[in-house]
Each structure stands twice: as structure tokens, then as C-alpha cells.
Amino acid sequence: MAYLLQVDFTMDGPFGVEMSEGFQDLARSINDEEGFIWKIWTENAVAKEAGGVYLFNSKESAEKYLAMHSARLTSFGVTTIRSKIFEVNEALSKINHGPIQQ
């Protein structure tokens, strides 16, 4: 079963192209996380929020990544971190072209 991790937090920037250029090494490192399948990066410069939606192959992997990522964000001075972990209903997601790949 796949598990979706949703994380967002308050951030002053960078956003857009600067974010894309500045976070490439971080993005590459996420590919090496245990159980990681994919991530969609999210940002809202007006609201000063960023985050992502991740797919993991187990709840344990999602929880482990969330703990590590929350500690990393806190070390960067981020104080408002919101997160949720969901089981993915693969049958319905496939009907709506959800990228459920394991």
C-alpha cells in the first residue's frame, strides 16, 4: 500500500526560479530516502508558504522521513510545520490518473 505525506510550512523564500535553483541538491537527496517514490513541490509566495506532497511505499518510511524533515526545517528556523499522512486508495486514484507507482 502507498502512503501520501503532505507537508507545508511558513517560509520567507526563496520561491519560483530562485527556489528551483537553490534547492536542486536537496531535491536530488530526497530521491535516496528509504521508501520514497515521488514528490510534488508546492509553493505560494503571496502566502509565504512552501511544502510538498510525497508518496512512500510504507507508513513507516513516511513517518521516518517526516521526523527527519521536520528536524531539518526546525534547524533552518521554520517554526510552523503542518503535516498529515494518508493511506492511498489506489483503485480510485488509478481511475483519476493518480501517479501510483511502486
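**Reading the terms**

Tutor: Gladly! Let us start with Ala 62, which counts as buried at 0% relative accessibility.

Student: Why is Ala 62 called buried?

Tutor: Buried means under 20% relative accessible area, exposed over 50% and partly exposed in between, with a 1.4 Å probe and protein chains only. Ala 62 has 0% relative accessibility, so the residue counts as buried. Ala 62 lies in helix α3. Before we go on: this is a predicted model, in which local features need pLDDT of at least 70 and side-chain atom pairs count only at pLDDT 80 or more, while totals for chains, interfaces and linings use all residues. Residues are numbered from 1 along each chain as its sequence is written, and side-chain values use heavy atoms, with hydrogens and water left out.

Student: What makes Gly 77 exposed or buried?

Tutor: The relative accessibility of Gly 77 is 54%, so Gly 77 counts as exposed. You will find Gly 77 in the loop between α3 and β4 (81-87). Across the protein, 30% of the 102 residues count as buried.

Student: How do you know what counts as a helix or a strand?

Tutor: Both are DSSP runs, numbered from the N terminus: helices are H or I with at least four residues, strands are E with at least two. The protein has 4 helices and 4 strands, and from the N terminus on they run β-α-α-β-β-α-β-α.

Student: Why is the protein called as compact as a globular protein of that length?

Tutor: The radius of gyration is taken over C-alpha atoms, and the globule rule is 2.2 Å times the number of residues to the power 0.38. The radius of gyration here is 14 Å, close to the 13 Å that the rule gives for 102 residues, so the protein is as compact as a globular protein of that length.

Student: What makes Tyr 54 and Phe 56 a stacked pair?

Tutor: Rings of Phe, Tyr and Trp (its six-membered ring) pair if their centres lie within 6.5 Å; planes under 30 degrees apart count as stacked, over 60 as edge-to-face and the rest as tilted. The structure holds 5 aromatic pairs. In the one formed by Tyr 54 and Phe 56, the centres are 6.1 Å apart and the planes 25 degrees, which is stacked.

Student: And why is the pair of Tyr 54 and Tyr 65 called tilted?

Tutor: Their ring centres are 5.0 Å apart and their planes stand at 50 degrees, so that pair is tilted. Tyr 54 belongs to strand β3 (residues 49-56) and Tyr 65 to helix α3 (residues 59-75), so the pair ties together parts that are 11 residues apart in sequence. Tyr 54 is buried at 0% relative accessibility, and Tyr 65 is buried at 2%. Phe 36, Tyr 54, Phe 56 and Tyr 65 form one aromatic cluster.

Student: How do you know that the charged end of Lys 39 sits over the ring of Trp 41?

Tutor: A charge sits over a ring if NZ of Lys or CZ of Arg is within 6 Å of the ring centre and within 35 degrees of the ring normal. The charged end of Lys 39 is 3.3 Å from the centre of the Trp 41 ring and sits over that ring.
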